[in-house]
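Here is a short report on one protein model. Look through the sequence and the structure first, then read on.

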Amino acid sequence: MTADEDSVVCAFDYSEALEFDPALADLMARGGPTRIRLPYGDADAWLVTGFDAVKQVTTDHRLSRAGIIGRDYPRMTPEPIVSTESLNVMDPPHSTRVRRLAAQAFTQSRVDGMRPRIVRLADRLLDRMEKEGPPADLVRHLSDPLPQHTILDLLGVEREQWSRIQAAVHQLLTVGADNKQAAATAKADLRAYFAGLVEERRHAPGTDLISAMAAARDGEECLDDRELAVMALMLALSGQDTATCQISDITYLLLTRPELRERLGRHPESLTGVLHELLRHIPFRKGIGIPRVALEDLELGGALIRAGDFVHVSYLTANRDPEHYPDPHALAFDRPNSPHMTFGWGGHRCIAVPLAMAELEVAVGRLLERFPGLRLAVPPEEVRWDTETIRRFPLELPVSW
């Protein structure tokens, strides 16, 4: 699909606290698929916004993630974030096999066994914050380090390598055009590092996630070294992305919406349900992620998608679809149990959801339990927000107690 003068140019650079991007709201109001032009890539794309339409795209085998490999597909960052061998760009049945094997490391029972380690990491960080005293930057003390420390600890990365991995991940998520070479170098460094780590675990297995995935079996099938290395890289990337932003974003909402704090204070057992509604509501990123390619002509929401066309979905707009969520822009904790799309959908839904939820439950739960008087140390309008990456999060979150 070539550039079209009827396409909507989408910078998707909106960074006003946790307000919903007006550009996305406008695209939602158009109804069916809309042709858009993104900052990078040699073609336009279709954007699908409604919950049911996103569900269709993410489960239709005529729309291929693997089809983007080798193409300069439309995207938000100068260097594609995803590796060409990643699970994120596999199609069934290959992706089904890899997901089935890798998911054995993230069963609820395994994550329940990991929870004490996450609690220890969180308490160690909160001990340090309490010792230094208020005001304290929650991003520096908890939101940044906890997800990073957790996933790197669980992957078995030696502590002296953590800062190197963290810096490379940040480089990959930066959107500036002048970042392309640095991002490519960072991706190559990460791939080489995790390839070496996989080789070590093959010879000397431990209690880490790489060893667990290496030991996973489905009959005679197992993950090969390349699949393991790419899976480890993907986990390091996603483990430091969504959870890091969401701890800060959720805390910001709790500190600026007293009724939310009061509800959790009265009903601490409702934490998981509250977190899911907050996850649905929060625009945790800017724009969209990885597209799919149409393998044949198909009809989608009244639009004719031609073979070879790129199709993007927006989980953010799907989470605000008024036909699926009554009064979708409001936070409503008495909604009927309805799954959201913050962790994706279909064959590319995040396999580590149990781990991500455990991190959020521990981080938010321990924070509120240990600091019941927690409050913002600055007016909400003085909180500074990220403008350099595809994520939505406060750069600093000054708190007192």
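The report below covers the sheets, a helix, the salt bridges and the surface.

## About the model

This is a predicted model, in which local features need pLDDT of at least 70, side-chain atom pairs count only at pLDDT 80 or more, and totals for chains, interfaces and linings use all residues. Residues are numbered from 1 along each chain as its sequence is written, and side-chain values use heavy atoms, with hydrogens and water left out.

Helices (H or I, at least four residues) and strands (E, at least two) are DSSP runs, numbered from the N terminus. Buried means under 20% relative accessible area, exposed means over 50%, and partly exposed lies in between (1.4 Å probe, protein chains only).

Strands of a sheet pair through backbone hydrogen bonds, either parallel or antiparallel. Here, two strands count as paired if DSSP finds at least two bridges between them.

Take β1 and β2. They run parallel and are joined by 2 bridges. V8 stands opposite I36 in β2. Next come β2 (residues 34–37) and β3 (residues 45–48), which run antiparallel and share 3 bridges. There, T34 has L47 of β3 as its bridge partner.

Which residues make up the covered face of β2, and which the uncovered one? T34 and I36 form the covered face. R35 and R37 form the uncovered face. In a regular strand the side chains alternate between the two faces of the sheet.

## The sheet of three strands

Another open sheet has 3 strands, in the order β5-β11-β10, with antiparallel pairing. β5 (136–137) and β10 (375–376) stand at the edges with a single partner strand each, so one side of each has no neighbour in the sheet.

β5 and β11 (residues 398–400) run antiparallel, joined by 2 bridges. A136 has V399 in β11 as its bridge partner.

## Salt bridges

A salt bridge is a side-chain nitrogen of Lys or Arg within 4 Å of a carboxyl oxygen of Asp or Glu. The structure holds 28 salt bridges. One of them joins R30 and D26, at 3.4 Å from N to O. R30 is partly exposed, with a relative accessible area of 48%. D26 is partly exposed too, at 40%.

E221 forms a salt bridge with R100, and their closest N and O atoms are 3.6 Å apart. E221 lies in the loop between α9 and α10 (225–239), and R100 in helix α3 (residues 94–102), so the pair ties together parts that are 121 residues apart in sequence. E221 is partly exposed at 33% relative accessible area, and R100 is partly exposed at 39%.

The side chains of E361 and R115 also meet in a salt bridge, at 2.7 Å from N to O. This pair links distant parts of the chain: E361 is in helix α15 (residues 353–370) and R115 in helix α4, 246 residues apart. E361 counts as buried, at 16% relative accessibility. R115 is partly exposed, at 26%. Elsewhere, a network of salt bridges links D123, D127, E130, R366, E369 and R370.

## On the surface

R120, R124, R128 and R159 form a positive surface patch. Patches are made of residues with over 30% relative accessible area and no salt bridge; like charges are joined within 9 Å, and nonpolar side chains (Val, Leu, Ile, Met, Phe, Trp, Tyr) within 5 Å. Lys and Arg count as positive and Asp and Glu as negative, while His and the chain ends are not counted. R128 sits in helix α4 (residues 108–132). R128 is partly exposed, with a relative accessible area of 47%.

Is P205 buried or exposed? P205 counts as exposed, at 60% relative accessibility. It lies in the loop between α8 (180–203) and α9 (209–215). P205 and L298 are 93 residues apart in sequence and 47 Å apart in space, C-alpha to C-alpha.

Key. Areas by Shrake-Rupley, 256 points an atom, 1.4 Å probe, with all protein chains shown as cover. Charge placed at Lys NZ, Arg CZ, Asp CG, Glu CD.
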